[in-house]
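Good morning, everyone. Please bring up the sequence and the model, and keep both in view while I talk.

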Amino acid sequence: MTKPKSKSKASIRSAARTTSKSKPRSKSAHSSPKTTTRPDTKHARILAMLRTPAGATIAAIMTATEWQQHSVRGFLAGVVRKKLGLNLVSEQTDKGRVYRIKDGKASPAAADRPQAA
């Protein structure tokens with residue numbers, strides 16, 4: 001006995017794919033605004049350290065957050081400079097390289113970059 005031929009699995013899958021259109025995703029309504037910061041987060045601690053007149057070294061941030069060196073550098077470049085647009089300056093001192101956030105406008109390089117929506 002031979003079974004009647006039916007549609008192949010591939011054609012059924014492709015038909016299912018074309019008939020079910022996905023709706024465009026919108027941003028969730030409960031996303032928090034960027035201005036609200038929780039004081040007990042690692043990000044808030046780093047920003048507080050960088051805002052002090054003495055600034056902070058990578059080693060000090062590593063100790064405070066238990067992050068590795070490359071993670072601290074990535075945070076400084078990606079979040080502090082690019083995402084938040086803060087003016088992060090560094091100076092070579094006898095303690096090593098010290099980073100601090102200076103008041104005022106962001107660095108000229110950050111001002112030239114287009115902001116992601």
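Let's start in a loop. Glu66 lies in the loop between helix 3 and helix 4. Helices here are DSSP runs of H or I with at least four residues, strands are runs of E with at least two, and both are numbered from the N terminus. Glu66 is not a glycine. Most residues other than glycine have a negative phi. Is Glu66 buried or exposed? Glu66 counts as exposed, at 72% relative accessibility. The cut-offs are these: buried means under 20% relative accessible area, exposed means over 50%, and partly exposed is in between, with a 1.4 Å probe and protein chains only.

A word on the source. This is a predicted model, where local features need pLDDT of at least 70 and side-chain atom pairs count only at pLDDT 80 or more, while totals for chains, interfaces and linings use all residues. Residues are numbered from 1 along each chain as its sequence is written, and side-chain values use heavy atoms, with hydrogens and water left out.

Now the overall layout. The protein chain has five helices and three strands. Along the sequence, the pattern reads α-α-β-α-α-β-β-α. The chain has 117 residues, and 20% of them count as buried. Next, contacts, meaning heavy atoms within 4.5 Å. Take the contacts between residues at least 6 apart in sequence: 41% of these join residues at least 24 apart.

Two packed helices are described by the angle between their axes and the distance between the axes. Helix 3 covers residues 58–65, and helix 4 covers residues 69–83. Their axes are 9 Å apart, and the packing angle is about 105°. The axes are lines fitted to C-alpha atoms, for helices over the stretch in contact, and angles run from 0 to 180 degrees between N-to-C directions. Helix 3 and helix 4 are therefore roughly perpendicular to each other. On this scale, under 35 degrees is roughly parallel, over 145 is roughly antiparallel, 65 to 115 is roughly perpendicular, and the rest is oblique.

Which residues of helix 3 and helix 4 make the contact? Helix 3 brings Ile58, Ile61 and Met62, and helix 4 brings Gln69, Val72, Arg73 and Leu76. Five of the contact residues are nonpolar, one is polar and one is charged. Here Ala, Val, Leu, Ile, Met, Phe, Trp, Tyr, Cys and Pro count as nonpolar, Asp, Glu, Lys and Arg as charged, and the others, Gly among them, as polar.

Stay with helix 3 for a moment. Ile58, Ile61 and Thr65 are buried there. They cover an arc of only 60° around the axis, which puts them on the same side of helix 3. The arc is taken from the directions from the helix axis to the C-beta atoms. An α-helix has 3.6 residues a turn, so residues three or four places apart point the same way. The buried residues of helix 3 pack against helix 2, strand 1, helix 4 and strand 3.

On to helix 2. Its axis and that of helix 4 come within 12 Å and cross at roughly 90°. In this contact, His43, Ile46, Leu47 and Leu50 of helix 2 meet Phe75, Leu76 and Val80 of helix 4. Six of these contact residues are nonpolar, one is polar and none is charged.

Let's pick out Leu47, which lies in helix 2. Leu47 is buried, at 12% relative accessible area. Leaving aside neighbours within four places in sequence, Leu47 is in contact with Val80, Leu84, Leu86 and Ile101. Leu47 and Val80 are 33 residues apart along the chain, yet their C-alpha atoms are separated by 8.1 Å.

Now Leu88, in strand 2. Leu88 counts as buried, at 5% relative accessibility. Its C-alpha atom is 5.8 Å from that of Arg100, 12 residues away along the chain.

Last stop: Arg100 itself. Arg100 forms a salt bridge with Glu91, and the closest N and O atoms are 3.0 Å apart. The rule asks for a side-chain nitrogen of Lys or Arg within 4 Å of a carboxyl oxygen of Asp or Glu. By that rule, the count is one salt bridge. Arg100 counts as buried, at 14% relative accessibility. Glu91 is partly exposed, at 37%.
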